[in-house]
Amino acid sequence: MGNVRGLDLHLDVGPVRGRGRALEDALRDAVRSGRLTPGTRLPGTRSLAADLGLSRGTVVQAFSQLVAEGWLVGVAGSGTVVGTVPSGSVTPEPDGRPVPAGTRAGIDLRPGRPDLSAFPRTPWAGAVRRALAGSAASLDYVEPGGLPELRAAVAEHVARTRGVRADGNAVVVTAGFTQGLALLARAVHRLGMRHAGAEDPGFARHREVLTAAGLTPVALPVDDAGADAAALPEDPALALLTPAHQHPYGVVLAPARRAAVVEWARRCDGFVVEDDYDGEFRYDRQPVGAMQPLDPDRVVFAGSVSKTLAPGMRLGWLVVPRALRAPLEAEMRALGAWVPAIDQLALADLLRRGEYDRHVRRMRLAYRGRRQELGARLAAIGAPPPAGVAAGLHALLPVGSAERERRTVDAAERAGVRLHGLHTGGYWHRPAPDRPGALVIGYATPPGHAWRRALDALTELLR
């Protein structure tokens with residue numbers, strides 16, 4: 001975050017009369033042109049007034065007006081900083097003064113992110129301090145599979161909370177789920193596999209990762225019972241599923257479908273990757289148990305802290321069948337895919353001390369409240385309730401056609417609200433106009449202090 005003093009801030013405030021209005025215009029121009037970037041901290045009103053030869057009251061009034069318009073943001077304990085105003089979102093007021101198009105610039109309702117402002121900074125800092133105070137030997141080269149401390153802690157955690165059958169030897173520490181998937185895909189491709197089943201609709205990024213590893217994605221249609229394994233090829237292949245809370249439909253993989261995909265893996269010498277996406281966040285009942293216990297020799301259980309802590313942590317894990325451990329570690333050695341030791345030790349510390357569980361419980365309550373508020377507001381404007389079970393960090397809102405979805409997303413962009421849809425977010429394997437349209441609303445993404453404002457913006461848009 002930048003910091004400027006009044007003397008370092010070039011502002012032309014014009015003639016003696018009307019200098020308060022001139023200061024407002026000069027600051028708007030500086031933000032719009034990019035000379036003042038989002039997050040830059042402005043000088044205090046007293047020092048800026050002295051540098052510009054204005055009264056402090058004039059500067060305070062100008063700042064207040066720009067805060068109300070969204071150009072500036074008042075931050076408790078940090079003064080005033082430049083806000084986030086999308087380029088091109090400037091419209092004239094009747095008196096000719098430019099203002100942002102709405103005051104909701106920068107509202108992000110895209111899925112796949114938690115509330116980053118809720119990251120447990122104090123517990124994490126304590127865990128890092130304890131890691132640094134430990135034995136120097138822990139800072140030596142790390143085995144590809146990860147440090148024994150974290151592997152054991154993860155095995156205990158997933159066994160207790162998700163019903164996974166695992167010990168530390170089965171756990172491989174990765175830099176998040178996507179890296180783990182890329183390593184697995186490369187490993188099975190070297191073993192001779194050529195195809196990978198992927199949910200349709202599903203994450204486009206995961207299909208890209210599978211393709212980059214040499215595997216051809218096979219679309220697995222998703223309905224109210226989850227992904228249909230009947231489309232899987234009758235040869236050794238990989239099947240990527242989100243059984244606990246399918247993204248984006250939000251459904252749970254039905255017991256019969258779980259049994260069918262495991263039976264396919266046994267019959268065809270294939271493997272299933274169970275992406276435990278949103279597995280910790282079920283709001284109307286206990287979280288659905290993992291499918292890995294159905295056959296630990298055929299199912300890879302994959303988790304990460306991307307949704308529970310933050311995606312920028314780049315920490316995840318795979319519980320790997322014995323037959324895949326050596327091929328996977330060979331890929332990790334070849335690519336140097338190690339995770340930093342300090343991060344591993346800190347996460348192990350959070351898990352052992354119960355801080356990780358406490359944080360997940362706090363966030364489960366917060367996100368449950370947001371989902372309930374979203375449902376209530378949608379009902380109030382006559383919109384359908386979110387599709388899928390009450391879980392996870394996103395909600396699917398059907399909007400009819402693909403064209404209507406695109407119009408809604410475009411209108412949201414113009415209003416400063418970022419949204420994804422089934423078509424605009426690239427979820428369909430093969431997009432077609434006759435496929436249904438829907439918004440994929442990431443209600444966990446806005447920081448806590450901005451949630452109500454984001455909800456207001458969304459319902460106003462949908463009204």
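Predicted model: local features only at pLDDT ≥ 70, side-chain atom pairs only at ≥ 80, totals over all residues.
Me: How are the axes of α6 and α9 oriented, roughly parallel or roughly perpendicular?
Reply: Helix α6 spans residues 177-190 and helix α9 spans residues 322-335. Their axes come within 9 Å and cross at roughly 115°. Angles of 65 to 115 degrees count as roughly perpendicular, so α6 is, relative to α9, roughly perpendicular.

Me: How many residues in the contact of α6 with α9 are charged?
Reply: The crossing of α6 past α9 is right-handed. On α6 the contact uses Leu183, Leu184, Arg186, Ala187, Val188 and Arg190, and on α9 it uses Leu324, Pro327, Leu328, Glu331, Met332 and Leu335. Nine of these residues are nonpolar and none is polar, which leaves the charged ones: three.

Me: Which strands are the edge strands of the open sheet?
Reply: The sheet has eight strands with mixed pairing, ordered β6-β13-β12-β11-β10-β7-β8-β9. An edge strand pairs on one side only. That applies to β6 (171-174) and β9 (226-227).

Me: What is the bridge partner of serine 304 in β13?
Reply: Strands β12 (residues 299-304) and β13 (residues 316-319) run antiparallel and are joined by four bridges. In β13, serine 304 is bridged to glycine 316.

Me: What angle does the direction of helix α8 make with that of β11?
Reply: Helix α8 (residues 255-268) packs on the sheet. The strands touched by α8 are β8 (216-223), β9, β10 (238-241), β11 (271-275) and β12. With the direction of β11, that of α8 makes an angle of about 140°.

Notes:
Residues numbered from 1 in each chain as written. Heavy atoms only, no water. Axes fitted to C-alpha atoms, helices over the stretch in contact; angles between N-to-C directions. Helix = DSSP H or I, 4+ residues; strand = E, 2+ residues; numbered from the N terminus. Parallel < 35°, antiparallel > 145°, perpendicular 65-115°, else oblique. Left-handed = near helix turned anticlockwise from the far one by under 90°. Contact = heavy atoms within 4.5 Å. Nonpolar A, V, L, I, M, F, W, Y, C, P; charged D, E, K, R; others polar. Pairing = 2+ DSSP bridges.
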